[in-house]
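Please open the structure in a viewer and keep the selection panel at hand. The stops below are given in the order in which they may be selected.

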Amino acid sequence: MNKYLEIPRFKLDNESIETNTSISQIQVEKKIEQIFKSFCSNAECDPEIPVLHREDHINYIKKHMFTLPENYECLDSSRPWLCYWLCQSFALLNCELTTEEKSDVVSFLIKCQHESGGFCGGPNTIPHLAPTYAAICALCLIGTEEAYSVINRENLYKFLMSLRLPNGSFKMHVYGESDVRAVYCAATVARLTNIYTDTLFEGSARWVIRCQTYEGGFGGLPGVEAHGGYTFCGFSALLLLQSVHMCDTKSLLRWVANKQMPFEGGFQGRTNKLVDGCYSFWQAAVFPVISGLLESEEKRPIGSLYDYRALQEYVLICCQYKYYGGLIDKPGKPPDVYHTCYVLSGLSLAQHAIKNSSCVVGTPENILNENNPIYNIEVTSLDKALNYFRAATQINY
Amino acid sequence: MDDKNQRTLSVSSDSYESSSSSENEELSSYIFYCNRPEWSDVQPILQDDGPTPVVRVAYSRKFSDVYDYLRGVLATGEKSERTLELVTTALKLNPANQTVWNYRLDIVLYLKVDLHVELQYVSNMIRKFIKNYQVWHYRKNIVKILNDPSAELEFTAEILDMDPKSYHAWQYRQWVLRKFSHLIEKEMEFVDKLISQDIMNNSAWNQRHFVINNLAYDSNKIVKELQYTFDKIVILSKNESSWNYLKGLLLFKDNKILENKVRDFCTKLYNDGNRSVHLIACLIDMLDADIKSTEPKNIAKVKFALKLCSDLANVYDPIRCSYWTYICSDIEKTYNIKGDDNKIDNNDI
């Protein structure tokens with residue numbers, strides 16, 4: 001097995017203590033071991049593998065861009081998210097929607113924009129920070145003048161201000177819960193559309209840092225368990241708030257490094273949980289940023305601090321749905337547009353883990369467009385959007 | 001009316017092909033809102049996705065019907081028994097719609113519904129949709145208004161029994177314990193129980209830290225915790241949860257006595273032949289702290305720390321080879337000492 005999977009892989013040693021956690025971990029390892037074994041025997045005769053099934057994924061995305069099956073009813077109030085996940089996946093695969101299709105997505109997102117400046121989960125619902133973030137990212141990925149001009153920046157600013165709490169945290173919606181996602185969403189859209197002010201985010205970094213736990217990762221709120229998704233939000237928010245010096249980076253790095261699974265190669269979301277393809281983004285996104293910080297601090301090249309090859313192997317060998325495209329959490333799970341987006345987003349980061357050098361596992365054609373680890377927007381779309389809004393007129397605050 | 005009847009018919013024929021029998025039974029007795037005479041005064045509002053919809057969900061007929069009427073009553077702002085019933089159906093179909101939850105709360109408060117009954121309702125919703133944000137948030141709203149946490153610990157315990165790592169349940173439980181702070185007194189018993197059921201349940205370990213952190217600081221208590229953690233590490237030395245918790249205990253106060261206890265414990269484990277990666281990582285941290293605080297630098301300790309990094313990178317923890325190689329180079333740089341052992345693969349750096 002080691003011939004193809006580049007490093008020795010260690011399974012869980014439960015030291016003869018059987019618990020629910022160890023039982024499910026061992027089951028996953030067994031399943032993945034079989035998949036790795038059959039991969040290795042195929043690799044004997046096909047040196048090209050693992051291959052990214054690009055066409056299948058493109059078809060999967062195209063199909064879902066317009067109509068989603070009934071089981072997506074539970075995401076009926078997250079439709080801008082669906083737009084964002086699909087647009088980001090498409091951009092990473094170096095595909096573009098037709099001019100007409102872009103216009104269709106833009107018209108739909110207009111329907112989701114509330115007069116208050118925020119976006120809603122769908123037409124006729126209340127504005128909410130999460131779909132606001134998703135809609136604005138989707139519009140940046142579409143990247144046309146028509147798309148950018150949808151955003152009413154002045155109202156957006158007022159909307160963000162209306163969700164701000166005195167301690168610097170943000171609520172997700174008017175009666176809503178506040179957590180670290182909300183600060184991340186607010187900071188991201190404010191930076192993207194160039195409406196960031198110190199007043200809007202006064203105290204926010206001090207609130208966010210309270211979410212870093214004794215383990216090193218961030219929880220959704222102070223006191224709550226460290227978790228990959230919230231860690232991404234917390235750490236990226238600190239960067240966007242230019243307050244990353246507040247973070248205990250050493251402790252964060254230890255925690256996130258430990259979230260890479262020694263057998264599977266993918267990441268778990270929390271200590272002692274199972275691997276899940278979506279954390280290929282949420283967890284792995286922290287590494288290039290930390291490396292960059294350490295490089296400027298220590299004035300020496302640092303390189304990548306996780307095993308980006310093992311991560312690519314997990315994604316390519318275990319997370320591609322073999323029947324009709326789309327990407328998955330782990331073998332045995334069905335594909336969905338959320339996992340398709342975050343698995344591809346993480347794969348792109350791993351392929352570009354070292355600047356100006358190819359880190360692509362498998363055939364060179366596997367390469368995806370480069371992704372930005374703070375915004376999770378494909379880089380050319382992101383640069384174009386940032387430039388556009390940088391040149392936009394100042395709003396009245 | 002003809003059109004409406006047709007819709008019902010085609011749905012029942014669809015459902016025979018695609019749904020399970022219990023769903024069929026439910027559907028065959030189910031009357032669409034568009035066919036209910038008592039709803040004939042409400043003007044349903046169709047979803048307006050614009051002329052060129054994208055990410056359009058292929059809603060079931062039931063879903064479309066319910067949400068068309070829901071939009072209808074949202075537009076008029078009607079608060080009544082029948083809208084409460086409609087909202088209940090709508091939330092069953094999609095519990096993630098915040099607009100509908102907000103509307104429900106407005107109706108419930110307007111009708112002066114018994115909030116204990118409402119709490120029962122949301123309990124059932126949470127049992128069905130543990131991973132949904134909105135159900136928990138709604139529960140919080142009700143409990144805030146009731147200002148009565150008497151059922152909350154038992155309820156979250158029930159959910160954690162179904163899913164011992166439920167993020168929402170733990171987060172909610174912490175909110176209850178903060179808001180009604182007298183409840184924290186018994187929380188440690190609960191945590192003990194969960195850790196004894198699954199020593200690898202990191203959420204329970206996190207809750208342990210939460211409890212310690214929210215009780216008045218007492219150095220004896222921390223020492224007892226240290227012993228508790230040592231005992232758990234001896235049972236399962238490769239359990240990251242207990243090692244992280246140990247690290248968390250050392251954060252409480254700059255306490256040399258604690259550090260010395262941890263150092264002795266780790267050294268003994270290591271000398272007994274244990275090579276848990278978390279043990280070795282902890283030893284590296286202890287050595288680093290030790291070297292930093294003494295002058296002149298203890299070269300032997302630096303070299304030992306470098307050897308441990310090299311062992312992790314090359315032997316015990318190869319998936320984190322580049323991480324341990326970095327830690328190694330960091331120690332070398334800080335103390336300007338090279339390790340003897342050059343086994344570390346520098347290809348990644």
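**Chain B as a whole**

Select chain B: of its contacts (heavy atoms within 4.5 Å) between residues at least 6 apart in sequence, 64% join residues at least 24 apart. This is a predicted model, in which local features need pLDDT of at least 70, side-chain atom pairs count only at pLDDT 80 or more, and totals for chains, interfaces and linings use all residues. Residues are numbered from 1 along each chain as its sequence is written, chains are lettered from A and ligands numbered from 1 in the order in which they are written, and side-chain values use heavy atoms, with hydrogens and water left out.

Coloured by secondary structure, chain B shows 17 helices and 1 strand; helices (H or I, at least four residues) and strands (E, at least two) are DSSP runs, numbered from the N terminus. Of its 349 residues, 53% are buried, where buried means under 20% relative accessible area, exposed over 50% and partly exposed in between (1.4 Å probe, protein chains only).

**Helix α13 of chain B**

Next, select residues 240-250 of chain B, which form helix α13. How many of its 11 residues are buried? The count is 9, and the helix is mostly covered. Among the buried residues are B:Trp243, B:Tyr245, B:Leu246 and B:Leu249.

From α15, proceed to the loop between α15 and α16 (299-316) of chain B, where B:Pro296 is found. The peptide bond from B:Glu295 to B:Pro296 is cis, with omega near -5°.

**The interface**

Display both chains together. Here 83 residues of chain A are in contact with 69 residues of chain B. The two chains bury about 6900 Å² between them, with 50% of that area on carbon and sulfur atoms; buried area is the accessible area (1.4 Å probe) that two parts lose on being put together, summed over both. Select B:Val55, B:Tyr167 and B:Ile319: these supply 12% of the area that chain B buries against chain A, more than any other three residues.

**Chain A**

Buried residues make up 65% of the chain.

Select A:Leu163, in helix α7 (residues 153-163). Is this residue buried or exposed? A:Leu163 is buried, with a relative accessible area of 2%. Beyond its neighbours within four places in sequence, its contacts include A:Leu129, A:Phe170, A:Met172 and A:Val174.

**Backbone details in chain A**

Select the loop between α1 (20-45) and α2 (54-66), the place of A:Pro50. The peptide bond from A:Ile49 to A:Pro50 is cis, with omega near 10°.

In the segment before α1, select A:Ser16. A:Ser16 has a positive phi of about 65° although it is not a glycine, and at 72% relative accessibility it counts as exposed.

The last stop is A:Gln242, in the loop between α10 (228-240) and α11 of chain A. A:Gln242, again not a glycine, has a positive phi of about 50°; its relative accessibility of 64% makes it exposed.
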